[in-house]
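Dear colleague,

Please find below the structure that I am handing over to you.

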Amino acid sequence: MNEILLSSKLKESFQCITPPSDCASDPKNFYYRTFDGSCNNFHTPDYGMATSRYLRMLAPKYSDGVSSPTASVTGSSLPNARLLSLSLYGESSLPDDYRTMAFYNGSIGSSRHDTFLKSNTTEDCCQQPESNNCYPIFLHPRGPISQSLSKKCLNFVRSASDTNTACRESGATYSEKITMTSAFLDLSFAYGNSINQNKNFRVFKSGQLKTSLVNNRNWLPLSMDPDSECGEENYQCYTLPDMRNQFIPTIAVLHTIIEARKINIAQYQKITFYDWLPLLVGPSYAYNNNILHRTATNEYVYDYKPTVNAAPYAEFAAAAFRYSHNQIPGWFSLVSSGRNSNRTLRLSNHFERPENLNLLWDGDNFDSLIRGLTTQLQKRPDSNIDKEIKHYFDRKSFEEYGSDLKSIDIQRGRDYGLPSYNDMRVYCGLPERRIGQDF
Ligand code: HEM
């Protein structure tokens with residue numbers, strides 16, 4: 001998915017996509033998915049389309065009723081997000097039963113977050129905390145990050161909503177966040193979310209995608225424009241819609257394997273639904289609730305419901321599905337073909353680092369990383385977060401500490417005006433929880 005983080009550059013350039021009024025008039029729409037996801041639903045062409053609004057299970061609880069981050073029921077500020085991260089989450093890292101490949105498959109399909117973190121955010125909210133777009137996370141003076149770096153705050157830019165963009169009026173009394181990518185499992189992180197975006201990756205000959213030749217092997221195309229995707233640090237990166245291709249080498253590995261759109265999308269959907277989802281929710285839950293269907297080899301399932309809007313729910317994207325951040329392993333391994341040697345690399349040495357692509361291209365490393373993904377056990381999804389994510393997240397090469405993804409997640413929930421945990425429990429038909437008795 002797909003939030004947009006505000007920057008003045010983005011606000012000037014951002015336009016909501018207008019879907020075609022008559023999808024059936026273009027025969028291509030019967031055979032191929034559009035890049036922006038429009039016309040997936042012929043009756044309501046904008047359902048699940050890129051640049052549409054998040055859906056809500058419950059109305060947001062913005063403190064001013066319109067767009068300001070959530071406040072406490074007394075009207076005062078909520079407890080500091082970093083303090084909550086430090087006090088509520090442990091830091092041990094116990095292995096789960098599954099391999100990290102399963103985890104990373106979740107990450108490529110779930111979100112497009114970093115696409116906007118680097119490329120569209122020019123604002124440093126620690127420098128201008130009062131700016132409308134800013135909602136920085138202030139650090140406790142005696143916490144590890146601030147003690148070592150005398151850093152006072154973690155940068156946090158609010159996600160864009162329809163009031164900041166040139167999107168059509170929704171008629172709602174509050175502003176709504178905008179998703180940047182389509183809601184479908186359509187590999188848009190590799191192929192782009194619009195025809196124009198996709199043009200950057202095509203050769204326009206024999207249906208091929210651009211590549212770059214390094215060490216006599218074809219890899220994804222490298223960016224030739226120093227001012228573009230690679231961001232202000234101007235290092236090497238691939239030209240792909242999802243900037244996470246450069247975030248860490250294990251994600252770059254998965255993006256490299258994907259080509260030939262229609263077939264690949266079908267394979268990717270099959271893997272996500274029938275291989276990955278049962279690992280996530282359990283096979284019986286998936287089959288008993290008709291999320292998946294048991295079929296004979298040549299049978300097809302048709303359970304498409306045209307009345308369902310496929311757009312992501314804010315509660316899902318800004319809270320529930322981020323559960324997996326607790327599973328991010330603090331290291332990744334490269335495993336040799338004989339499985340007899342194993343090299344382990346620290347995650348925070350590889351956040352958006354120029355060396356990542358060289359690591360991938362060097363010798364047998366690409367294959368070793370794949371073997372690592374299929375060998376290394378993923379971290380257990382419990383209430384612990386690896387230190388690499390809690391204190392060293394997005395650490396630059398010159399820094400001892402970095403940021404804290406858990407604080408960012410907590411702050412993002414408030415940025416989205418999400419209702420409380422108890423509101424959601426009641427919505428799901430569960431009893432409320434009380435501090436003291438239930439925690
Ligand atoms: C190494 C692995 C991962 C890293 C480094 C990572 C990092 C991030 C970052 C930086 C954000 C944006 C935070 C913000 O500013 O609000 C984010 C958002 C998100 N992440 Fe991850 N993540 C990883 C894996 C995963 C996995 C495995 C899942 C789920 C299975 C996941 C689900 C999400 C979701 C749903 C969002 C919100 C996306 C949106 O609203 O557009 N992430 N992640």
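**Helix H14 and its buried face**

In this predicted model, helix H14 covers residues 365-375, and its buried residues are Phe366, Ser368, Leu369, Gly372 and Leu373. Viewed down the axis of H14, these buried residues lie within an arc of 160°, so they line one face of the helix.

**Helices H3 and H16**

How do the axes of helix H3 and helix H16 cross, and at roughly what angle? The axes of H3 (residues 81-88) and H16 (residues 405-415) come within 8 Å of one another and cross at roughly 125°. Because an angle between 115 and 145 degrees is neither roughly perpendicular nor roughly antiparallel, H3 is oblique to H16. The crossing of these two helices is right-handed.

On the side of H3, the residues that meet H16 are Ala81, Arg82, Leu84 and Ser85. Their counterparts in H16 are Lys406, Ser407, Ile410 and Gln411. Sorted by class, this contact of H3 with H16 has three nonpolar, three polar and two charged residues.

**The protein overall**

The secondary structure of the protein amounts to 17 helices and eight strands. Of its 439 residues, 37% are buried. Among contacts between residues at least 6 apart in sequence, 68% join residues at least 24 apart.

With kind regards

Notes
Residues are numbered from 1 along each chain as its sequence is written. This is a predicted model: local features need pLDDT of at least 70, side-chain atom pairs count only at pLDDT 80 or more; totals for chains, interfaces and linings use all residues. Helices (H or I, at least four residues) and strands (E, at least two) are DSSP runs, numbered from the N terminus. A residue is buried if 20 or more other C-beta atoms lie within 10 Å of its own, exposed if 12 or fewer, and partly exposed in between; C-beta atoms are placed from the backbone. Two residues are in contact if their C-beta atoms, placed from the backbone, lie within 7 Å. The arc is that of the directions from the helix axis to the C-beta atoms. Axes are lines fitted to C-alpha atoms, for helices over the stretch in contact, and angles run from 0 to 180 degrees between N-to-C directions. Angles under 35 degrees count as roughly parallel, over 145 as roughly antiparallel, 65 to 115 as roughly perpendicular and the rest as oblique. A crossing is left-handed if the near helix is turned anticlockwise from the far one by less than a right angle, and right-handed if clockwise. Ala, Val, Leu, Ile, Met, Phe, Trp, Tyr, Cys and Pro count as nonpolar, Asp, Glu, Lys and Arg as charged, and the others, Gly among them, as polar.
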